[in-house]
Every structure is written in C-alpha cells, then in structure tokens.
Amino acid sequence: MDNVQKQIWEMIQEMNRKWTIEKKANELRNYFHEDMVAITATDQKRIEGREACVASWKNFSENAAIHFWKELEPKIQVYGGGAFAVVTYYFDMSFDMGGQTINMKGRDMFSLVNENGKWLVVADQFSQFPNF
C-alpha cells in the first residue's frame, strides 16, 4: 500500500472500531459525508443521509453485544488524482442479538471522497457471504 492507501485504510479501521468496540457510534458523524447512502443486508430501501446512517449503525451497536470484529484482505483503490476511493474487504464478526449468538462473515464496500484533505464515506454496501 502507498501512503494514501494506508491513510484511507487506517481511517476505515478507526471508524469501524467506533461502532464495534468503543460503542461510540455517534462519532461516525466524523466519517460519514452529509449525503451518504447505504445499502444494507437488512433494510429493503437504501438509507439516505449522514444522520440516518449514523442512527442505523447506532441502533445495531446498541442492540448487539459484539464479541469480535475483524477486517480481512483489504483492497484500496484511489481514483481522480486522490479525490475518490473505493475500499473493499471481508469481515468476520460474532455478536449476540435477540437471545442468539450470530457468527457472520461477509463483505463490505465503501466509496469515499476527499474533501478539503479529509476522507469521508459517501456510500456503503455490505452483506453476508451468500449460502450456496
């Protein structure tokens, strides 16, 4: 990874720690663009806007007891002279919710823009691995 890719990857890992380990989902406002959209595995329609996205992540983190979260095999692609990036990785996590322990493996894809020297998430799409 070059320095820009490392900076982006460290930001993604820091952001994920906020909601998975530190239970500080409100701080995701510092990472999400005001016009962010998200496609999730559990919502029929896309989530639109920073505040709605923060609320979604916060709701999950408040209703799940997360045992572990791990990002695997990151790929960071930077475009437009450092103005836009796509980050993909696989994840492995375990959490308790609704009286059950859920072990989940999946994939995540973030789109980011660089505004005034700061990387912000403009889109996220994640899902479990399909069962074949």
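**Reading burial, contacts and salt bridges**

Mentor: Let's start with Ala64, which sits in the loop between α2 (50-63) and β3 (65-79). Keep in mind that this is a predicted model.

Trainee: Is Ala64 buried or exposed?

Mentor: The general idea is a cut-off: buried means under 20% relative accessible area. Ala64 has a relative accessible area of 5%, so it is buried.

Trainee: Which residues is Ala64 in contact with, leaving aside its neighbours within four places in sequence?

Mentor: For contacts, look for heavy atoms within 4.5 Å. With those neighbours set aside, Ala64 touches Lys23, Phe95, Asp96 and Met97. Asn26 gives you another way to look at distance: 38 residues separate it from Ala64 in sequence, and their C-alpha atoms are 16 Å apart in space.

Trainee: Now a strand. Where does Ser111 lie, and is Ser111 buried or exposed?

Mentor: Ser111 belongs to strand β5 (residues 100-115). Its relative accessibility is 15%, so Ser111 counts as buried. Beyond four places in sequence, its contacts are Phe84, Ala85, Val86, Leu120, Val121, Val122 and Ala123.

Trainee: On to charges. How many salt bridges are there?

Mentor: The rule asks for a side-chain nitrogen of Lys or Arg within 4 Å of a carboxyl oxygen of Asp or Glu. By that rule you get six salt bridges. One of them joins the side chains of Arg46 and Glu48, at 2.9 Å from N to O. Arg46 is exposed, with 53% relative accessibility.

Trainee: How many residues apart are Lys58 and Glu62 in helix α2?

Mentor: Four, so about one helical turn separates Lys58 and Glu62. They form a salt bridge whose closest N and O atoms are 3.8 Å apart.

Trainee: What about the pair Lys105 and Asp92?

Mentor: Their side chains meet in a salt bridge at 4.0 Å, N to O. This pair links distant parts of the chain, with Lys105 in strand β5 and Asp92 in strand β4 (residues 84-97), 13 residues apart. Lys105 is partly exposed at 49% relative accessibility, whereas Asp92 is buried at 16%.

Trainee: Which residues are linked in a network of salt bridges?

Mentor: Lys18, Glu22 and Glu27.

Methods
Residues are numbered from 1 along each chain as its sequence is written. This is a predicted model: local features need pLDDT of at least 70, side-chain atom pairs count only at pLDDT 80 or more; totals for chains, interfaces and linings use all residues. Side-chain values use heavy atoms; hydrogens and water are left out. Helices (H or I, at least four residues) and strands (E, at least two) are DSSP runs, numbered from the N terminus. Buried means under 20% relative accessible area, exposed over 50%, partly exposed in between (1.4 Å probe, protein chains only).
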